[in-house]
Amino acid sequence: MALILAERRSYVAGSWVTGDDIVAVENPADETLVTEIAATPPTEIERAILEGRRSFDSGVWADAPATDRARRLHAFLGHVEKARAELVATMVAEAGQPLAFAEQSQFLSGIALARNTIDLYLSMRHEQPSPVPVDELTQHRVALSILCHEPVGVVTAITPYNAAFVLALQKIMPALISGNSVILRPSPLTPISSLIFGSAAEAAGLPPGVFSVVVESGWAGAQLLTTHPAVDMVSFTGSTAVGARISAQAAPTIKRVALELGGKSAQIYLPDAISKAAAGATAVVARMAGQACVAATRMLVPRDHKDEVLEAVSRAYVNVTVGAPTDPATAMGPLISAAQRERCERLIEQAVGAGATVGYGGGRPAGLDRGYYVEPTVLDVPDNTNPAAREEIFGPVLAVLGYRDLDHAVEIANDTDYGLSGQVYSADAAAATAIARRLRTGAVNVNTALFSAYAPSGGYRHSGLGRERGPDGIRAFQEVKHLVIGELR
């Protein structure tokens, strides 16, 4: 296997820094130590904030021509691409992700997303006439009424462990191309892959202070990054509980907050699409072991087909190869930590205690004595009040529920605190789309899926605030200024 990335320091405002405290990174596949990283001292985290403020206020990046920012960011990505082998190996080691996921869904998709985000920004209008009727303009002697989209300022980007590389690019690229200064704080569980962005910023010649990467083992730095008055915006992806705390921390200084949080998405199968359920079930557990906020972990099928679907899903899960993520044949790796495995096992136990029946799995895979593995698990759930239908388990657990009719399916799907994603399957695309329009969720996939810089994602209710990707994802990092220009009389 290729060597992992060698950098063990933080990148703060154009310089590399070290510290006395250590962040130990564990390999969740075998419980060994991957490496130790020097944590960013609190004084250096504050310096990253203050230098971000200075660089933004000076206009060295924000006022540069967009084409110049784009050129430097393409060079930034070119540097990242050169480290492909080391980056993929790093993601496999620190997160326990199968090779195919690290290579395709993180590295290749991340680079494409980032380059397309730059192109999308350049294609958008960031100054445009305000839609004020002409008679109102002339009445007030206005010559021009212009809407300007300007960078927010200093942005904190806090990313999770489950897809650290691609989710970092999903935040830092629209923020940087828009002219903001950015401080990236990756999850303490998977910080190594994010350090490549520091060396990329240095190689691309980003002005000092425009970009920093800080690493910590706890939450003190993150709290500073969400409370400091010099920070204008916090962009966070993670659990709903932590997102709520971040909102509270940001509130006293009235920061802009963008949150992509938890989910309990439903995949709905109309009667003519039952044969597709096994593939949909496999998608929940494969590659990320269910550790995805958009995972459709509630499967809704007609009641009279429920037994048939449970059998098909169980057969599919038998064929999901669970094992070492370095093995190309592995379809599903471990959960990220012992704590996450214990939580997953506890919720399975609670679901069974509340009336669910295990169709397949429910325990730890045989022969994998080390590593934080849980079998792909399908539960026959009696109703939507069961813990497996309510809680975001963040593990390889699928709850199958039966519905009476399509109105009942929509009712079940919408009966949740979340609203991040959803899926509807039918040979009748029009009928499936009609169901999709009724779902209270930020995105719905009908018979397919799309991950693109041009298509937004985000949640309703407890699944978050704002959108990432697409034009709305770029506007999230911009303020709107109204310019009114007239003649002095």
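**Salt bridges, strands and buried elements in a predicted model**

With a side-chain nitrogen of Lys or Arg within 4 Å of a carboxyl oxygen of Asp or Glu as the rule, the count comes to 17 salt bridges. Please keep in mind that this is a predicted model. I shall take three of these pairs, and then turn to strands, a helix and a loop.

Let me begin with Arg53 and Asp232. They form a salt bridge in which the closest N and O atoms are 2.7 Å apart. The two residues belong to distant parts of the chain, 179 residues apart: Arg53 sits in helix α1, residues 42–58, and Asp232 in the loop between α8 (220–227) and β10 (233–237). Asp232 has a relative accessible area of 23%, so it is partly exposed.

The second pair is Glu103 with Arg84, whose closest N and O atoms are 2.3 Å apart. Here two helices are linked, with Glu103 in α4 (residues 99–123) and Arg84 in α3 (residues 84–95), and the partners are 19 residues apart. Both count as partly exposed: Glu103 has a relative accessible area of 23%, and Arg84 stands at 36%.

Salt bridges with shared partners join Arg53, Asp57 and Asp232 into one network.

I now move to the strands. An open sheet is formed by three strands in the order β5-β6-β20, with antiparallel pairing. Its edge strands, each pairing on one side only, are β5 (127–129) and β20 (478–486). From one strand to the next, the twist averages 25°. Strand β6, residues 142–151, is joined to β20 by nine bridges, and Val142 stands opposite Gly486 of β20.

Leu144, Leu483 and Ile485 make a nonpolar surface patch of about 230 Å². Of these, Ile485 is found in strand β20, and its relative accessibility of 37% makes it partly exposed.

Strand β12, residues 266–269, is covered on both faces. Ala266 and Ile268 on one side are buried, as are Gln267 and Tyr269 on the other. Three bridges connect β12 to β13 (residues 298–302), and these two strands run parallel. Within this pairing, Ala266 stands opposite Arg298.

How many residues of helix α7 are buried? Seven of the nine residues in this helix, which spans 196–204, are buried, so α7 is largely enclosed by the rest of the structure. The buried residues are Ile196, Phe197, Gly198, Ser199, Ala200, Ala201 and Ala204. Just after the helix, Gly205 takes a positive phi of about 75°.

Finally, a word on Thr441, which is placed in the loop between α15 (429–438) and β18 (445–446). Thr441 is buried, with a relative accessible area of 8%. A polar atom of the Thr441 side chain lies 3.2 Å from the backbone nitrogen of Leu420.

How values were computed
Residues numbered from 1 in each chain as written. Predicted model: local features only at pLDDT ≥ 70, side-chain atom pairs only at ≥ 80, totals over all residues. Heavy atoms only, no water. Pairing = 2+ DSSP bridges. Helix = DSSP H or I, 4+ residues; strand = E, 2+ residues; numbered from the N terminus. Axes fitted to C-alpha atoms, helices over the stretch in contact; angles between N-to-C directions. Patch = residues over 30% accessible without salt bridge, like charges linked within 9 Å, V, L, I, M, F, W, Y side chains within 5 Å. Areas by Shrake-Rupley, 256 points an atom, 1.4 Å probe, with all protein chains shown as cover. Buried < 20%, exposed > 50% of the residue type's maximum accessible area, 1.4 Å probe, protein only. Polar contact = N/O pair within 3.5 Å; in protein donor to acceptor, adjacent residues only side chain to side chain.
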